[in-house]
Amino acid sequence: MSTPVVIPQAGLVEEVVVLEWLENDGARVEAGDALVLLETEKTQTEVEAPASGILRIAVPAGPDAIPVDTVLGEIE
């Protein structure tokens with residue numbers, strides 16, 4: 001069973017930009033590891049791994065804004 005990596009809800013923010021993945025697709029990660037750096041209009045934030053396992057990236061880093069309810073990847 002996989003665990004989704006989602007953009008955390010932060011106030012009234014509706015969109016974020018995936019600046020950089022801190023781990024590679026297929027990497028073994030531990031719960032609490034920093035996975036991805038996101039940017040909003042006002043700040044940058046890291047998203048931590050919600051579980052331990054193998055990271056599968058669904059949304060690559062890039063300049064396009066994505067909605068906060070988007071699944072960024074999953075931990076298998």
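**Exercise 1.** In what order do the four strands of the open sheet stand, and is the pairing parallel or antiparallel?

*Solution.* The model is predicted; local features need pLDDT of at least 70, side-chain atom pairs count only at pLDDT 80 or more, and totals for chains, interfaces and linings use all residues. Residues are numbered from 1 along each chain as its sequence is written, and side-chain values use heavy atoms, without hydrogens and water.

Step 1. Find the strands (DSSP runs of E, at least two residues, numbered from the N terminus).
Step 2. Look for pairs (at least two DSSP bridges between two strands).
Step 3. Read the order: β1-β8-β6-β3, with antiparallel pairing.
Step 4. Check the edges. β1 (3-6) and β3 (28-29) each pair on one side only.
Step 5. β6 (residues 53-57) and β8 (residues 71-75) share three bridges. Ile-57 has Gly-73 of β8 as its bridge partner.

**Exercise 2.** Find the strands that pair with β2.

*Solution.* 
Step 1. β7 (residues 65-67) runs antiparallel to β2, joined by three bridges. Here Glu-15 stands opposite Pro-67.
Step 2. β4 (residues 34-39) also pairs with β2 in the antiparallel sense, over four bridges. Val-17 has Glu-39 as its partner in β4.

**Exercise 3.** Which strand gives the largest share of the lining of the largest pocket?

*Solution.* 
Step 1. List the lining residues (an atom within 4 Å of a pocket point; a pocket is an open set of points on a 1 Å grid over the protein atoms alone, where a 1.4 Å probe fits, with protein on both sides within 12 Å along at least five of seven lines). Among them are Val-16, Val-17, Glu-39 and Ala-65.
Step 2. Strand β2 (residues 15-21) gives the largest share, three residues.
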